[in-house]
Amino acid sequence: MRDAERTTEVLVVYYSRSGVLEQLAQQIMEGALRVPAAEASLLAIDDDAVEWLRPGEDERAMALRRATIINRLTAADALIVGAPAYFGSMASPVKRLFEDCATASHPPITDRSRPWLGHQFRDKVGAAFTASATPHGGNEEALHSILTMMMHLGMVLVTPGQGDPILENAASPYGATAIVGPDGVREPSRQELEEARNLGERVARVTGWLQSGRTEWEKQRQLQPAGRVM
């Protein structure tokens, strides 16, 4: 495949109980697909830890399932991670997935007490989305917790930034959000769905720029005389 034809792989990783995060994830995927040469897919997170045996599984089948998940995460150029806001932070199944995948015993072999030493997520583009019951239910803190995790993993963060008009725009500058109501069944608004699509598009576009820039940088580096540092 020629460099100009390289595909940008965006993986939308999400945990959803009421279905709202799944709706946002689908819209984010659609937004990413607006960008030429971008591909996007979804990865849903279970309540159970990735290394727990599922019904009918043995250790071999679990290891294969875990390896498949790890391969999908590490093969993506960009990860857009979504979790509901629980107690002002991301829901625990999301954090646990990344802890388990970053410290998996096989593959790869790493020090399980120090997940940040693994570099399988390093230099990937990362973004976040969330939902909470109320406007002050911890949306921004949940987004911060996801983005902080990504910083520990050495990822390159992409956020929506402030939208216009700044004083009237209800969207978060840190990621896509939705308010689901106290019973968790309120449907996302048109604005919330559009913000999700915009986030997916922005992440795919910026990831493509970074890929193109790195390809050009590597070409220029190869053309430099031996011993010369750019």
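**Figure 1. Surroundings of alanine 127 in the predicted model.** Beyond its neighbours within four places in sequence, alanine 127 is in contact (heavy atoms within 4.5 Å) with Leu79, Ile80, Val81, Leu147, Met150, Val158, Leu199 and Val203. Alanine 127 sits in strand β5, which covers residues 125-132; helices (H or I, at least four residues) and strands (E, at least two) are DSSP runs, numbered from the N terminus. With a relative accessible area of 0%, alanine 127 is buried; buried means under 20% relative accessible area, exposed over 50% and partly exposed in between (1.4 Å probe, protein chains only). One of the contacting residues, isoleucine 80, is 47 residues away along the chain, yet the two C-alpha atoms are separated by 4.6 Å. This is a predicted model, in which local features need pLDDT of at least 70 and side-chain atom pairs count only at pLDDT 80 or more, while totals for chains, interfaces and linings use all residues. Residues are numbered from 1 along each chain as its sequence is written, and side-chain values use heavy atoms, with hydrogens and water left out.

**Figure 2. Where helix α2 meets helix α3.** Here helix α2 (residues 59-75) packs against helix α3 (residues 92-102) at an angle of about 95°, with the axes 10 Å apart. Axes are lines fitted to C-alpha atoms, for helices over the stretch in contact, and angles run from 0 to 180 degrees between N-to-C directions. The two helices are therefore roughly perpendicular to each other, a label given to angles of 65 to 115 degrees (under 35 is roughly parallel, over 145 roughly antiparallel, and the rest oblique). Look for Ile69, Ile70 and Leu73 on α2, and Leu97, Phe98 and Cys101 on α3, which make the contact. By class, this contact has six nonpolar, no polar and no charged residues; Ala, Val, Leu, Ile, Met, Phe, Trp, Tyr, Cys and Pro count as nonpolar, Asp, Glu, Lys and Arg as charged, and the others, Gly among them, as polar.

**Figure 3. Arginine 197 and its partners.** Arginine 197 belongs to helix α5, residues 190-223. At 18% relative accessibility, arginine 197 counts as buried. The side chains of arginine 197 and glutamine 27 are joined by a polar contact of 2.3 Å, meaning a pair of N or O atoms within 3.5 Å; within protein, one must be able to donate a hydrogen and the other to accept it, and residues adjacent in sequence count only if both atoms are side-chain atoms. Not counting residues up to four places away in sequence, arginine 197 touches Gln27, Ile28, Glu30, Gly31 and Arg34.
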